[in-house]
Amino acid sequence: MRIGVLTGGGDCPGLNATIRSIVIQGEKEGYEIIGFMDGWAGVLENRWQKLTEEEVEDIHREGGTILFTSRTNPYKETKGLERVKDTLKKNRIDALVAIGGNDTLGVAKRLCDEGIKIVGIPKTVDNDLSATDYASGFDTAINIAVEAMDRLHSTARSHHRVMVVEIMGRHAGWMTLEAGIGGGAHIILIPEVPFDLDEVCRTLMERKDAGKNYSMVAVAEGAKAAKGSKFLTQEVVKEAKTDAFGNILLGGVGEALAKEVASRTGLETRSVILGHLQRGGSPSAFDRFLATRFGIKAVELIKEGKFGEMVSLKGTDIISVPLKDAVERTRYVPVDWYNRLVGPFWGK
Ligand code: F6P
């Protein structure tokens, strides 16, 4: 059996641990593993490399992906489906493992519907894939954000400043919610709950009046103000151009918010965009373990002939779910979760 593997979409820590696990478990089953380069681009262009246990032995601790990645969408390319089928036929690929988020696995689902044998593995720092409690990469990313916030606390406190920290996550607030709580933010703003700028400013002033001479605000890159506000009612976009999946590049809400807060309250305010720092570097132990379990389960699914499925973490168990369930809708932070978790810290 020949298995193709690819990593698509934004990179994140844990991809190499997943690749390693697939190769080691696959070889145990007597399978030959080949890695397509640059996500779906490698499948379209027939670019791949053979992967052996020797090559992947030590890669679990490395960030990024040895197979590289791209946001290429075969369905946006001329004769995309035909070219994918050609490559798989030419290389006698029996099954594919697609490691990705909503976009990559969305393509995997469509290709499955065309009869291609695919198993999906969830990875995304945004943790916005439905049908899994965690995707690999998320844990490392929030730990990086928490460490950054710990550092920002001491400088904010020393200068009696408001520090606004912008956190990734696109339209979902998971990273900001979890890193914001872990990092001790006093105000946490997520896309799912449009914020009230007056309330943000009032809370900051109340903290100051109570003798708390600094504040941390965690704001998701996709956060926006509630309708009716005169300010920031649209997501702040860094680049208007969309990628092949229709995603827009967000960025800048932290700086805009910091300026507005400073002008309304007179408090000295600074902003930091954590950006791609959250995606780089070595994966956490949690992500290495999760990625390894996902890889093993994916090979088991192939052995059982269960295609069109995605491996998933439910509680502490690794299970599989239809790819359809994972990609048909984005997983957002439930508003009641937010209110219950964040409310106590700023008196909502
Ligand atoms: O989906 C992962 C993610 O890191 C988002 O949180 C962020 O909005 C986006 O990717 C950034 O994309 P790029 O890598 O193209 O800058």
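How many disulfides does a search of the whole structure find? The search finds 0 disulfides, a disulfide being a pair of cysteine sulfur atoms within 2.5 Å.

This is a predicted model, in which local features need pLDDT of at least 70 and side-chain atom pairs count only at pLDDT 80 or more, while totals for chains, interfaces and linings use all residues. Residues are numbered from 1 along each chain as its sequence is written, and side-chain values use heavy atoms, with hydrogens and water left out.

Select Cys112: with 17% relative accessibility, this residue counts as buried (under 20% relative accessible area, with a 1.4 Å probe and protein chains only). Cys201 is also classed as buried, at 8%.

Next, display helix α8 (residues 197–209) together with helix α9 (residues 253–265); their axes come within 10 Å and cross at roughly 60°. Contact (heavy atoms within 4.5 Å) involves Leu197, Asp198, Val200, Cys201, Leu204 and Met205 on α8, and Leu257, Glu260, Val261, Arg264 and Thr265 on α9. By class, these residues comprise 7 nonpolar, 1 polar and 3 charged.

Then move to Val56, in helix α3 (residues 53–56). Val56 is buried, its relative accessible area being 0%. Apart from neighbours within four places in sequence, Val56 is in contact with Ile19, Arg20, Val23, Leu51 and Ile66. Finally, select Leu96: its C-alpha atom is separated by 18 Å from that of Val56, and the two residues are 40 residues apart along the chain.

Conventions: Axes fitted to C-alpha atoms, helices over the stretch in contact; angles between N-to-C directions. Helix = DSSP H or I, 4+ residues; strand = E, 2+ residues; numbered from the N terminus. Nonpolar A, V, L, I, M, F, W, Y, C, P; charged D, E, K, R; others polar. Buried < 20%, exposed > 50% of the residue type's maximum accessible area, 1.4 Å probe, protein only.
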